[in-house]
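Below are some remarks on this structure for a colleague who has it open. They are set out as numbered points.

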Amino acid sequence: PLLLYSLQAFEQCPAITGIIVVTNRTKVSYVKKLVIRFSKVLAVVAGGRTRTDSVRHGLGLLPEEGFVAVHDAVRPLVTPEMLSAGFRVCRGSGPATYGYQLDDTIKKVTKARIIETIDRKRLFAVQTPQFFPLHLLGRAHMAAEKKGIQAGDDCALVEYLGIKPRVITGPRYNIKVTTQEDLEIVKRLL
């Protein structure tokens, strides 16, 4: 399973002291059996209805102080070096995420018609892991919960507080496995 590749990177990273795995409610028992060999896994918990809810469930098991990396297990090409570098940036200048500048032309489309070309000079594809001081991410999640805000990533929740996370230029190969084509690419890279 893809999860094991991510866990291996987290397990090997000296900056990581503990791991909380959040998974689908129906898979908690299965995932607990899978992760038994990883000494840094502290708990496996059921996720929520949305991504934001799931991260909040994991945060509930962490202390209020310290730092956290939020990662999607469907990005199995994360490395211990990426994690260490992300924590260094976060400790030095606050929230941070991996990403890379887009080089494709981006179009806004409605009903299969191009309605606008977006200037790509300031557009980045954002990835995980994303890094945060725990107190800040906890505050962002509390505010989002009160307002009923759901987000595609945790940087967006911090942005709602008026804080602008840093982008760490990351490797393009840190792709998210969403489609069968993505899986085939990742298989070749692993």
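The points below cover pockets, strand pairing, salt bridges and cysteines.

1. The model is predicted, and the remarks should be read with that in mind. The largest pocket holds about 1,300 Å³ of space. Its lining is made up of 46 residues, and Ile20, Val21, Val22, His71 and Ala73 are the closest to the centre of the pocket. Two or more lining residues come from each of helix H1 (2-12), strand S1 (19-23), helix H2 (28-34), helix H3 (51-59), strand S3 (67-70) and helix H4 (80-93). By residue class, the lining of the largest pocket has 28 nonpolar, 12 polar and 6 charged residues.

2. The second largest pocket has about 260 Å³ of space. It is lined by 13 residues, of which Leu59, Leu134, Gly138, Arg139 and Met142 are the closest to its centre. H3 and helix H5 (134-147) each supply at least two residues of this lining, and H5 gives the most, with 7 residues. The lining of the second largest pocket divides into 5 nonpolar, 4 polar and 4 charged residues.

3. Strand S4 (residues 96-101) has 5 of its 6 residues buried, so the rest of the structure largely encloses S4. S4 runs antiparallel to strand S7 (residues 124-133), and 5 bridges join the two. Within that pairing, Tyr100 has Ala125 of S7 as its bridge partner. S4 also pairs with strand S8 (residues 166-169), here in the parallel sense and over 4 bridges. Thr97 has Val167 of S8 as its bridge partner.

4. The whole structure contains 6 salt bridges. Which parts of the chain does the pair Arg51 and Asp154 tie together? The side chains of these two residues meet at 2.8 Å, N to O. Arg51 belongs to helix H3 and Asp154 to helix H6 (residues 154-160), so the pair ties together parts that are 103 residues apart in sequence. Arg51 is partly exposed, with a relative accessible area of 22%, whereas Asp154 is buried at 1%. Arg51 and Asp154 are also linked with Asp72 in a network of salt bridges.

5. Arg56 is buried, with a relative accessible area of 16%, and Asp53 counts as buried at 14%.

6. Arg172 and Asp103 form a salt bridge with an N to O distance of 3.5 Å. Arg172 lies in the loop between S8 and helix H7 (180-189), and Asp103 lies in the loop between S4 and strand S5 (106-110), so this pair ties together parts 69 residues apart in sequence. Arg172 is partly exposed, with a relative accessible area of 41%. Asp103 also counts as partly exposed, at 47% relative accessibility.

7. How many disulfides are there? The count is 0. The sulfur of Cys90 is 9.7 Å from the closest cysteine sulfur, that of Cys155, which is too far for a bond, because a disulfide needs the two sulfur atoms within 2.5 Å. Cys90 is buried, with a relative accessible area of 3%, and Cys155 is buried with a value of 3%.

Key: Residues numbered from 1 in each chain as written. Predicted model: local features only at pLDDT ≥ 70, side-chain atom pairs only at ≥ 80, totals over all residues. Heavy atoms only, no water. Buried < 20%, exposed > 50% of the residue type's maximum accessible area, 1.4 Å probe, protein only. 1 Å grid on protein atoms, 1.4 Å probe; cavity = no way out; pocket = protein on both sides within 12 Å on 5 of 7 lines; lining within 4 Å. Points joined across faces, edges and corners; volume = space filled by probe spheres on them. Nonpolar A, V, L, I, M, F, W, Y, C, P; charged D, E, K, R; others polar. Pairing = 2+ DSSP bridges. Salt bridge = Lys/Arg side-chain N within 4 Å of Asp/Glu carboxyl O.
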